[in-house]
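Subject: Structure handover

Hello,

Here is the structure for you to open. My notes on it follow below.

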Amino acid sequence: MIDSHAHLGSCKPADAELVAEARAAGVRRILTIGMDEGSNREAIAAAREHEEVFAAVGRHPNAALGFDDDAAADLRALAADPLVRAVGETGLDYYRDNAPRGDQFRAFETQIAVARDAELPLVIHMRDAAGPAAGEAVADCFELLAAEAGGVDVILHCFSAGPGRAAEAVERGWYVSFAGNVTYPKAEVLREAAALVPDELLLVETDSPYLAPQPVRGKPNSPARVVLTHAAVAAARGADPDEQEAAIEANAARLFGW
């Protein structure tokens, strides 16, 4: 099993403990995700320390304030590290107001270009505001990706939209990754979305330390717990768990080259 999206640097246990726990649960590969200058370097350091770990580097939309040419150059340099296997997470977040939308779009567009130039997959974060603005962030992400990310492998991290958007993502050949929230009792819409994703475009993740699956909900998440999310996704899709695991591992190997 693999965890396609974790934040080891945000977890309280040491990386070595997290990796050992994951190994004991059968999780052999972890992609740890950078969100800004500091965490990008922490992700690469973790990958250097542990053979199971590889890194993604990016600028999270909530950290996009003031994104400029220097920030873009830094990402390009980091993306050249052989242990970096993806760019992001990037995208749009209208739930929090940590960065103006203009800065978020600028960072997003730049990271699409960085991923293309580096021939790396692109990890996408989409979070909508509540109320009348619900759906705008997802809509804007899909529009920008459709316009500018041709030829780039796109991963919709922590997919939280409905079946219609899942079907559109599949039609465009984008990978769809499900996190612990797919296991929650009220997440039937997410399980319906998971049922639409074909084996060759499916991923699972923890987004640890966030979104712990239902059996451990309320506790900090960790890469080992991706097996719980995988089981819930297999049940939702009516899939054989072993066959689904093999497909997910093949997808991750193809994307991240590990």
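Helices (H or I, at least four residues) and strands (E, at least two) are DSSP runs, numbered from the N terminus. With that numbering, Leu-211 falls in the loop between strand 8 and helix 8.

Some ground rules. This is a predicted model, in which local features need pLDDT of at least 70, side-chain atom pairs count only at pLDDT 80 or more, and totals for chains, interfaces and linings use all residues. Residues are numbered from 1 along each chain as its sequence is written, and side-chain values use heavy atoms, with hydrogens and water left out.

**The loops**

Stay with Leu-211 for a moment. Its phi is near 55°, a positive value in a residue other than glycine. Leu-211 is partly exposed, at 28% relative accessible area. On that scale, buried means under 20%, exposed means over 50%, and partly exposed is in between (1.4 Å probe, protein chains only).

The loop between strand 8 and helix 8 also holds Pro-209. The peptide bond from Ser-208 to Pro-209 is cis, with omega near 15°. Most residues other than glycine have a negative phi, and most peptide bonds are trans.

Glu-119 also has a positive phi, near 55°. Glu-119 sits in the loop between helix 4 (101-118) and strand 5. Its relative accessible area is 73%, so Glu-119 is exposed.

An open sheet is formed by 8 strands, in the order 1-2-3-4-5-6-7-8, with parallel pairing. Two strands pair if DSSP finds at least two bridges between them. Strand 1 (2-6) and strand 8 (202-204) are the edges, each pairing on one side only. From one strand to the next, the twist averages 25°.

Look at strand 4 (residues 84-93) and strand 5 (residues 122-127). They run parallel and are joined by 5 bridges. Thr-90 has Ile-124 of strand 5 as its bridge partner. Gly-91 stands opposite His-125 in strand 5. Strand 5 is largely enclosed by the rest of the structure, because 5 of its 6 residues are buried.

**The core**

The largest nonpolar core has 82 residues. Such a core is a set of buried Ala, Val, Leu, Ile, Met, Phe, Trp, Tyr and Cys residues joined through side-chain atoms within 4.5 Å. Ile-124, Leu-145, Leu-156 and Phe-178 have the most contacts inside it. Helix 5 (residues 136-148) gives the most to this core, with 6 residues.

Leu-156 touches Ile-124, Phe-142, Leu-145 and Trp-174, among others, not counting residues up to four places away in sequence. Contact here means heavy atoms within 4.5 Å.

**Helix 7 against helix 8**

Helix 7 (residues 188-196) and helix 8 (residues 226-237) pack with their axes 8 Å apart, at an angle of about 75°. That makes helix 7 roughly perpendicular to helix 8, a label for angles of 65 to 115 degrees. Axes are lines fitted to C-alpha atoms, for helices over the stretch in contact, and angles run from 0 to 180 degrees between N-to-C directions.

Arg-191, Ala-194 and Ala-195 of helix 7 meet Val-233, Ala-236 and Arg-237 of helix 8.

**Glu-37**

Glu-37 lies in helix 2 (residues 37-49). Glu-37 is partly exposed, with a relative accessible area of 36%. Glu-37 touches Arg-59 and Asp-74, not counting residues up to four places away in sequence. Glu-37 and Gly-58 are 21 residues apart in sequence, and 8.1 Å apart in space, C-alpha to C-alpha.

Best wishes

Methods: Parallel < 35°, antiparallel > 145°, perpendicular 65-115°, else oblique.
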